[in-house]
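This briefing is written for a reader who is meeting the fold for the first time. Please look through the sequence and the model, and then follow the points below topic by topic.

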Amino acid sequence: MIATDAVGRDEEERRQFLGEVTAVLASSLDYDATLEAVARADLEELQQSYRRKMAELENDWEARALRFRSRIEYMRILEDRRERWNKLYGYLTAQGELSLFSQLAITGADNRVIFRFGPGAQSLSERLAPTATASWRFQPEDNALFRVYLQPIWLGEAEGMGHLVLFLPLDNALLYGNAAPETDLFLLWGERRVASSLGPSGVAAKLPAAKDGWHTVKQARERWPGSGDQAPELLIRHAHTAPVSLGELAAGGLVALAALIGALWTVQGRWMLRLS
């Protein structure tokens, strides 16, 4: 009877060890799938966040373009045909008004450019045809992308209404300032990278691998909001860092498995001795 009870206990211990071995193997196989699921969930949350952020930026930029025009009209700078460009240049220089808009142009009623200001403004066409209130301008020679705001502006009794054209660059600094932790941002015009939160290297370099031992990288594209048939896309790449690498997990699992197998053989040997 005692021998039978001992055999029963050994059999129970053997089954327990087999269960632990199975659990170790199952957890190793499921670890990668769990990391994938968590990385996908993190990316979806980031996508929602950046949709809201892009909409907020659009609203803020348009409001600032309206305020910019209103201040110039309020001061009636453009109505003095003899001194208006000197006054406007001095105002823009003193106030640092182009901290957001890198370039501006003013056109007359015939759409001819009659004033330019800012780096790169001299390369603008002699005429700027009216477009939507907010549009896009891509300069392939500089690989530069601008959000362009067109505002009607009063030039005085003699000339009537003209247009104020403001150019806002979507550049590396913009993306760097809005990059979340463990996230890289890239701005695409078609399939061409024009800006990156990583700086110039992020525009030119090959994107890193989507997965290594420590990171699972997920990416998604979000179209920039606003009107127009063509718009840039924001490429979001988020890296989810694993608590331990798959290699370390596998090594730990193998060590645990070896220990369990050794213990199992010990129990099996005791069980066989008691049967003999």
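Of the 42 residues in the largest nonpolar core, which touch the most other members? They are Trp 61 and Leu 104, and both names return below, one in a cluster of rings and the other in a pairing between strands. The model is a predicted one, and the points that follow begin with the chain as a whole before turning to its parts.

**The chain as a whole**

- The chain contains five helices and nine strands, and when it is read along the sequence these elements follow the pattern α-α-β-β-β-β-β-α-β-β-α-β-β-α.
- Of the 276 residues in the chain, 39% are buried.
- When contacts between residues at least 6 apart in sequence are considered, 58% of them join residues that are at least 24 apart.

- In soluble globular proteins, nonpolar side chains tend to be buried together.
- The largest core here has 42 residues, and its largest share, which amounts to nine residues, is contributed by helix α1 (residues 2-75).

**The five-stranded sheet**

- Five strands form an open sheet in the order β2-β1-β5-β4-β3, and their pairing is antiparallel.
- Strands β2 and β3 (134-139) are the edges of this sheet, since each of them pairs on one side only, and from one strand to the next the twist averages 25°.
- Within the sheet, strand β1 (residues 103-107) pairs with β5 in the antiparallel sense over five bridges, and Leu 104 has Leu 166 in β5 as its bridge partner.
- Helix α2 packs on the sheet, where it touches β1 and β2, and the direction of the helix makes about 25° with that of β2.

**Aromatic rings**

- The structure holds eight aromatic pairs, one of which is formed by Tyr 89 and Phe 117, whose rings lie 5.2 Å apart from centre to centre, with 70° between the planes, in an edge-to-face arrangement.
- This pair links distant parts of the chain, for Tyr 89 is in helix α2 (residues 84-95) and Phe 117 is in strand β2 (residues 113-117), 28 residues apart.
- Why is the pair of Phe 146 and Phe 167 edge-to-face? Their ring centres are 6.2 Å apart and their planes stand at 90°, and planes over 60 degrees apart count as edge-to-face.
- Because Phe 146 lies in strand β4 (residues 144-154) and Phe 167 in strand β5 (residues 161-169), this pair ties together parts that are 21 residues apart in sequence; both Phe 146 and Phe 167 are buried.
- Ring pairs also join Trp 61, Trp 136 and Trp 224 into a cluster, and Arg 147 lies over the face of Trp 136, at 4.1 Å from the centre of the ring.

**Strand β6 and its partners**

- Strand β6 (residues 183-189) is largely enclosed by the rest of the structure, because six of its seven residues are buried.
- β6 pairs with strand β9 (residues 233-241) in the antiparallel sense over six bridges, and in this pairing Leu 187 has Leu 234 of β9 as its bridge partner.
- β6 is also joined to strand β7 (residues 192-196) by four bridges, and these two strands run antiparallel, with Phe 186 standing opposite Ser 196 in β7.
- The hairpin of β6 and β7 has two residues between the strands, and in this hairpin Gly 190 takes a positive phi near 70°.

Notes: Residues are numbered from 1 along each chain as its sequence is written. This is a predicted model: local features need pLDDT of at least 70, side-chain atom pairs count only at pLDDT 80 or more; totals for chains, interfaces and linings use all residues. Side-chain values use heavy atoms; hydrogens and water are left out. Rings of Phe, Tyr and Trp (its six-membered ring) pair if their centres lie within 6.5 Å; planes under 30 degrees apart count as stacked, over 60 as edge-to-face and the rest as tilted. Buried means under 20% relative accessible area, exposed over 50%, partly exposed in between (1.4 Å probe, protein chains only). A charge sits over a ring if NZ of Lys or CZ of Arg is within 6 Å of the ring centre and within 35 degrees of the ring normal. Two strands pair if DSSP finds at least two bridges between them. Axes are lines fitted to C-alpha atoms, for helices over the stretch in contact, and angles run from 0 to 180 degrees between N-to-C directions. Contact means heavy atoms within 4.5 Å. A nonpolar core is a set of buried Ala, Val, Leu, Ile, Met, Phe, Trp, Tyr and Cys residues joined through side-chain atoms within 4.5 Å.
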